[in-house]
Amino acid sequence: MAITKEEVKHLAKLARIGLSKEEVDRFQKQITSILDYVDMLKKVTVEKGEKIVMSDVENILRDDVVKQSKNQEKLIEQAPDQKNGYIKVKTILKKNETI
Amino acid sequence: MKLSELSLKEASQKIQAREISSLELTREYLNNIEKVEPKVSAYLEVTSDLAIKGAKAADKKVKEGNYNSPLLGIPAALKDNMLALGTRSTAASRILQEYQSAYDSTVAAKLSSEGMVLMGKTNLDEFAMGSSTENSAFQKTKNPWNLEKVPGGSSGGSAAAVAAGECVYALGSDTGGSIRQPAAFCGVVGLKPTYGRVSRYGLIALASSLDQIGPLTKTVEDSALILNGIAGQDQNDSTTAPVPVEDYTKNLSKSIKGLRIGIPKEYFVGGINKDVEKTVRQSITQLEDLGASIKEVSLPFTDYALAVYYIILPAEASANLSRYDGVRYGYSIIKDDKKIKDLFSVYSESRAKGFGDEVKRRIMIGTYSLSSGFYDAYYRRAQKVRELVKNDFAEVFTDVDVLATPTTPTTAFGLDEMMDDPLTMYLSDIFTVSANISGIPAISVPCGFSDGLPVGLQFMAKPYAESLLLQVAHQFEQNNSWYKEKAVI
C-alpha cells in the first residue's frame, strides 16, 4: 500500500520528528516497501475477539511501602535545561490565555 | 593457550586455584583490546580503570578465601543499551551520546555482585534497531573473521568482542535475533532466554513485549554459568516470572539419546544459502548419531512471523522512544539553537538531530500502525497472528523436545552491502524472530564454516526449558571442535 508524501509529513508531525525534503522522499519509498511486505498479514484469517498479552503472568503487585527513591538531584542534573531543581521547558501558555 | 583464549569455565578454574590472578587476566584482555580494537571497533567505551579496580577487588576476595562465584574476577562487556554505574549508556545514539547511567541495570548489579570485571560497553545498532551494527551513530564494528564483513546485529559489538578475545563473555539483548544472529556471524554462542527469565530493568527499551537479555560466550557451558548469575524474578521488572532458577549447568553432560528433535520444514526453503543449508543438515545428522530421534515437523505460520514482527516492534518502539524529547535528558536542540521558538520545535528538532534513519523510519511506521483508522488493520491483526505463531510452537512441542534450524539464511554479509535497502536487511532475521514473537528460549551455536565465515545452528525449546536447550547445544558443541577455532586478526 503506497503512502503519500503528505502522509509521511503528517506521521512525522505526529511522531515529533522534523524531516528534510530529501528525507520525506526517501522515507516515502522505504515505508511503502515495508508496508507492502507486512500487507501479507491480510491474507490470514483471524478470529474475532482480542487477546493481546505476552506474559502468562498478570497483576504482579507489591506492598505499598515508602522507600528511598533515586537521587532526584542527580536525575534532574541530566536535563538539558533546568532552574531551581525543576526541568525547564519553553512557554506553552501565552499571556492572558485561559484554559 | 593464550590467556585471552580461555573460556569462562577455564579462566574461573585458574582463578579459583590461584594459578592466575584476575589482574593478570584483566591486563591480558586490556592488552588484547589495545591490539585488535583499532581493527575491530567492538567497544564504544573501554572502562580500563573500572576493570583494574574490579580485578583488584576480586583478587582480594580470593586471597581472603572468599571465592564465591565462577564469574568472580572474569573480564566481561555489556552492550551499550544496559545501564551500569560509572559508564555512559548511549544505545549508540546521538540523542544519548552524553548520557551517564543514572543507576545499575539489574543484570549489571547481579553480575557485579558475582564479581564481574567490567571491561566496557559494546557497540550496537542505534537503540538495537538493525542486523549489522552499521546503524550505530558512532562507528562500524567489523567481523573478526573477515574485517570486510559485518558482525551482525544488533549486539554486533558484544559478539565481535567475544570472538576477538576482547572479553571472556558479553551480554547482549535480543528483540528479534539480536543475540543469536551476531553470534552466528561471529562464531560464538548466543542465548536468548525465555521472555520473563531475565530482568530488563535498566535495559534501554526497544520493544517491551519482545526484548530479552542474554549472554554471548565462547562455549555453551559458559552461557549456562552466566544464566545462573542473571536469571530470576525482579520486582523492578514485573514481566519477570516467579519460576524458580535452576542450576543451568546440571544437565549439560547428560546424553541426548532418545530426545526428539524437530526439523521445521519451513526453515529450509527459498533464500537459504546452499552452503549454510548443507552445514546445518550435516549437523542434524550428527544429532542423530548422538542418539536423538529426528523428525520433520511443520510450523505453518512461520512465513508471517517477520511481518508480525515488523508491525509490533515499530509500534512498541514508537511508544518507548517518545521519552527522548529534548527535555528530560539526552540531546536537546536548545544547546545548538538558542533561538528555537516553541516546545513543539524542541521536540521535533531534538529528535530530528538526535535519531538516525532507521530509528526515524521505525518510529513513523509504528505511529502509522497505531494511528486511528489503521490500528485494526495493522496492530490488532498482527497481535492476532502473533497468537497463531505462538500456537504453532505450543503444538509442536507436544510432539518434539527441541527444534533445530539454521540461525540465519546466510553467513555474514559485506559492510555497506544492505544499507540502502532496509527490507532486505530485515530478512536476515527471518529464522530468529519467531522465538521472540512466541517468547520461547533459543540458542545459536557454531556448526561449521563457509568460505571462512562461521555458520550458526539454532535450537529452540518451550518456555523455561533452558536446561534442556543448553544440554542439547552442549552435547552438539562438544561432539565437534568448531568452538575451538579462533579468529586471527
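Which residues is I179(B) in contact with, leaving aside its neighbours within four places in sequence? The first view takes that up, after a word on the model. This is a predicted model, in which local features need pLDDT of at least 70, side-chain atom pairs count only at pLDDT 80 or more, and totals for chains, interfaces and linings use all residues. Residues are numbered from 1 along each chain as its sequence is written, while chains are lettered from A and ligands numbered from 1 in the order in which they are written.

**View 1. I179(B) sits in the loop between β4 (169-174) and α6 (180-186) of chain B.** Its contacts beyond four places in sequence are S155(B), G172(B), S173(B), D174(B), G190(B), L191(B), K192(B), G214(B) and L216(B). Here, contact means that two C-beta atoms, placed from the backbone, lie within 7 Å. With 34 other C-beta atoms within 10 Å, I179(B) is buried (20 or more is buried, 12 or fewer exposed, and in between partly exposed). I213(B) is 34 residues away along the chain, and its C-alpha atom is 8.4 Å from that of I179(B).

**View 2. The largest nonpolar core has 161 residues.** Such a core is a set of buried Ala, Val, Leu, Ile, Met, Phe, Trp, Tyr and Cys residues joined through C-beta atoms within 7 Å. Among those with the most contacts inside it are A76(B), C167(B) and F459(B). Helix α9 (residues 302-320) of chain B gives this core its largest share, 12 residues; helices are DSSP runs of H or I, at least four residues long, and strands are runs of E, at least two, numbered from the N terminus. Apart from this core lies another, of 5 residues, I333(B) and Y347(B) among them.

**View 3. Helix α2 (residues 21-38) of chain A meets helix α11 (residues 357-370) of chain B.** Their axes come within 11 Å and cross at roughly 55°. Axes are lines fitted to C-alpha atoms over the stretch in contact, with angles running from 0 to 180 degrees between N-to-C directions. That makes α2(A) and α11(B) oblique to each other (under 35 degrees is roughly parallel, over 145 roughly antiparallel, 65 to 115 roughly perpendicular, and the rest oblique). F27(A), Q30(A), I31(A) and I34(A) of α2(A) make the contact with R361(B), M364(B) and I365(B) of α11(B).

**View 4. Within chain A, α1 (residues 5-14) and α2(A) are roughly perpendicular to each other.** Their axes cross at roughly 100° and come within 9 Å. On α1(A), the contact involves K5(A), V8(A) and K9(A).
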